[in-house]
Amino acid sequence: LILILMEIWTISTFVRLLRMNRKRLEAVNSFTLSERYQISENIRMLRIMLPIVWSHTSITVVAIAIYLITVASGMPHRYFSIFEVRIIFFNNSGIS
């Protein structure tokens with residue numbers, strides 16, 4: 001539950017930062033050229049990172065659901081390492 005809440009907080013933070021930077025870029029009157037460029041780069045990077053964060057969150061939620069289902073079904077604890085290896089593979093293999 002804590003992990004899911006942290007993932008939701010991460011997504012909401014990214015979305016909030018994206019909105020704040022867009023508003024700052026629209027209200028550009030007192031910014032220098034380099035500040036406007038930095039804000040536009042922030043927006044560009046947040047737009048690139050947001051799908052990655054969504055993918056990570058969805059994989060994490062699915063992993064938690066699978067774990068809870070296996071615990072509820074009474075599967076022996078010796079099989080849990082199989083799930084850990086699979087989840088780590090998906091997170092590190094670029095699929096997410």
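Student: In which helix does T57 lie, and how do you know that the label of helix applies?

Tutor: T57 lies in helix α2. Helices are DSSP runs (H or I, at least four residues), strands are DSSP runs of E with at least two residues, and both are numbered from the N terminus. The model is a predicted one, in which local features need pLDDT of at least 70, side-chain atom pairs count only at pLDDT 80 or more, and totals for chains, interfaces and linings use all residues. Residues are numbered from 1 along each chain as its sequence is written, and side-chain values use heavy atoms, with hydrogens and water left out.

Student: Why is T57 called buried?

Tutor: Buried means under 20% relative accessible area, exposed means over 50%, and partly exposed lies in between (1.4 Å probe, protein chains only). The relative accessible area of T57 is 8%, so T57 is buried.

Student: With which residues is T57 in contact, leaving aside its neighbours within four places in sequence?

Tutor: T57 is in contact with E7 and I11 when those neighbours are left aside. Contact means heavy atoms within 4.5 Å. T57 and I11 are 46 residues apart in sequence, and their C-alpha atoms are 8.3 Å apart in space.

Student: What makes T60 buried?

Tutor: T60, in helix α2, has a relative accessibility of 9% and therefore counts as buried. Apart from neighbours within four places in sequence, T60 is in contact with L3 and E7.

Student: Why does I64 count as buried?

Tutor: The relative accessibility of I64 is 17%, so I64 counts as buried. The place of I64 is in helix α2. Setting aside neighbours within four places in sequence, I64 is in contact with L3 and I4. I64 and L3 are 61 residues apart in sequence and 8.8 Å apart from C-alpha to C-alpha.

Student: How do you know that L50 is buried?

Tutor: L50 has a relative accessible area of 15% and is therefore buried. L50 is found in helix α2, and its contacts beyond four places in sequence are with F14, V15 and L18. Between L50 and F14 there are 36 residues of sequence separation and 6.8 Å from C-alpha to C-alpha.

Student: What makes R44 and E41 a salt bridge?

Tutor: A salt bridge is a side-chain nitrogen of Lys or Arg within 4 Å of a carboxyl oxygen of Asp or Glu. The side chains of R44 and E41 meet at 3.1 Å, N to O, in a salt bridge. R44 and E41 are three residues apart in helix α2, so about one helical turn separates them. A search of the whole structure finds one salt bridge.

Student: Why is R44 called partly exposed?

Tutor: R44 has 42% relative accessibility and so counts as partly exposed.

Student: Which residues gather in the patch of positive charge on the surface?

Tutor: R19, R22, K23 and R47 gather in that patch. Patches are made of residues with over 30% relative accessible area and no salt bridge; like charges are joined within 9 Å, and nonpolar side chains (Val, Leu, Ile, Met, Phe, Trp, Tyr) within 5 Å. Lys and Arg count as positive and Asp and Glu as negative, while His and the chain ends are not counted. The place of a charge is taken as NZ of Lys, CZ of Arg, CG of Asp or CD of Glu. Helix α1 (residues 2-26) supplies the largest share of the positive patch, three residues.

Student: Why is R22 called partly exposed?

Tutor: R22, which is found in helix α1, has a relative accessible area of 37% and is therefore partly exposed.

Student: Which residues form the nonpolar patch on the surface?

Tutor: M45, I48, M49 and I52 form that patch, with about 330 Å² of accessible area together. Accessible areas come from the Shrake-Rupley method with a 1.4 Å probe, and for residues only the protein chains shown count as cover. M49 lies in helix α2 (residues 33-73); its relative accessible area is 31%, so M49 is partly exposed.

Student: How many helices and strands does the protein have?

Tutor: The protein has three helices and zero strands, and along the sequence the pattern reads α-α-α. Buried residues make up 19% of the 96 residues.
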